[in-house]
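User: I have a model open and want to learn how to read its features. Can you take me through them one at a time?

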Amino acid sequence: MVEFFAPWCGHCKNLAPEWAKAAKNLKGMVTFATVDATIEASLAQRYEVKGYPTIKYFPARPQSDPFEASDYQGPRTGKALAGHALGLLSNDDVKELTDPVHMEEWVLETGDKPRLFLLSDKTNVPVLFKALSIAFDGSVGFAFVPSSNAELVQQFQTDEFPRIILMIRRDPPITETGEPNFGFVQYEGALNFPAIFQWLLPLVPEMQEGGGQDGGDSANDAGSGLGDLSASN
């Protein structure tokens, strides 16, 4: 989400606290940026900015041009801005597992990469989990397991929800019997994006090799329940 503003603009000044509120609540999940159009005139011209403030949004996963933007025409409140931004997050990279056989097939498909399971009593994939899948950009397999799938949930030996469990390949990668050597790590921290991101990051070799990303300074920066697994639908 990008706001083009002018320092003298009264509507821009009114928007500032709402913009900051949305940015704080979604820190690490969605980027909120501001552009002073009086300084970055060529950039404002490129995006056909004709008034202030002008708000543009970019898709989380652009299909073609990564610089292609659309106009935001909704209410200028922190809640509305955050809601719109969350709506841009897709769950294309989150696999909803239906039974143990489906899980076994998915594990084989994802190879050696770490796999993060979310066991939840909700029916839809939480936006926080969608944001995590985008942040790790294919270096982690993400799976959603509704609690209604009792047979599959039983595989994880838990009846508490939400529950986050990471499956990782152990050393040696193959056991003496020739089976893949997997281990499970259960997440015990705060149920918000920055906390989960910082816990998961050092457990993902591919992200370490690439330098990783900034998922927020600490769990305390997470903001409101918009980024909380326990507050999802």
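User: Which residues does Phe-32 touch, not counting residues up to four places away in sequence?

Analyst: Some ground rules come before the answer. This is a predicted model, in which local features need pLDDT of at least 70, side-chain atom pairs count only at pLDDT 80 or more, and totals for chains, interfaces and linings use all residues. Residues are numbered from 1 along each chain as its sequence is written, and side-chain values use heavy atoms, with hydrogens and water left out. Contact means heavy atoms within 4.5 Å. With residues up to four places away in sequence set aside, Phe-32 touches Met-1, Trp-19, Ala-22, Ala-23, Leu-26, Leu-81 and Ala-85.

User: Which residues of the largest nonpolar core touch the most other members?

Analyst: A nonpolar core is a set of buried Ala, Val, Leu, Ile, Met, Phe, Trp, Tyr and Cys residues joined through side-chain atoms within 4.5 Å. Buried means under 20% relative accessible area, exposed over 50%, partly exposed in between (1.4 Å probe, protein chains only). The largest nonpolar core has 40 residues, and Met-1, Phe-32, Leu-81, Leu-132, Phe-136 and Phe-142 touch the most other members. Helix 5 gives the most to this core, with 7 residues. Apart from this core lies another, of 13 residues, including Trp-106, Leu-119, Leu-152 and Met-167.

User: How many residues of strand 6 are buried?

Analyst: First, the numbering of elements. Helices (H or I, at least four residues) and strands (E, at least two) are DSSP runs, numbered from the N terminus. In strand 6 (residues 115-120), 6 of the 6 residues are buried, so the strand is largely enclosed by the rest of the structure. Both faces are covered: Arg-115, Phe-117 and Leu-119 are buried on one side, and Leu-116, Leu-118 and Ser-120 on the other.

User: Which strand is joined to strand 6 by bridges, and do they run parallel or antiparallel?

Analyst: Two strands pair if DSSP finds at least two bridges between them. Here 6 bridges join strand 6 to strand 7 (residues 141-146), and the two run parallel. Ser-120 stands opposite Pro-146 in strand 7. A crossover is right-handed if, with the strands pointing away from the viewer, the path from the first strand over the helix to the second runs clockwise. Strand 6, helix 5 (residues 127-136) and strand 7 make a right-handed β-α-β unit.

User: How many salt bridges does the structure hold?

Analyst: Side chains of opposite charge can pair when their charged atoms come close. The cut-off is a side-chain nitrogen of Lys or Arg within 4 Å of a carboxyl oxygen of Asp or Glu. The structure holds 3 salt bridges. Take Lys-21 and Glu-18, which meet at 3.7 Å, N to O. Both lie in helix 1 (residues 10-25), 3 residues apart, about one turn of the helix. An α-helix has 3.6 residues a turn, so residues three or four places apart point the same way. Lys-21 is partly exposed at 42%, and Glu-18 is partly exposed at 22%.

User: Where do Asp-71 and Lys-56 lie?

Analyst: The side chains of Asp-71 and Lys-56 meet in a salt bridge of 2.7 Å, N to O. Asp-71 lies in strand 4 (residues 70-71) and Lys-56 in strand 3 (residues 54-57), so the pair ties together parts that are 15 residues apart in sequence. Asp-71 is partly exposed at 39%, whereas Lys-56 is buried at 7%. In another salt bridge, Arg-163 and Glu-160 meet at 2.6 Å, N to O.

User: Which peptide bonds are cis, and which residues have a positive phi?

Analyst: Most residues other than glycine have a negative phi, and most peptide bonds are trans. The bond from Tyr-52 to Pro-53 is cis, with omega near -10°. A cis bond also joins Phe-161 and Pro-162, with omega about -5°. Asp-137 has a positive phi of about 45° and is exposed at 53%. Gln-157 has a positive phi of about 55° and is exposed at 74%.
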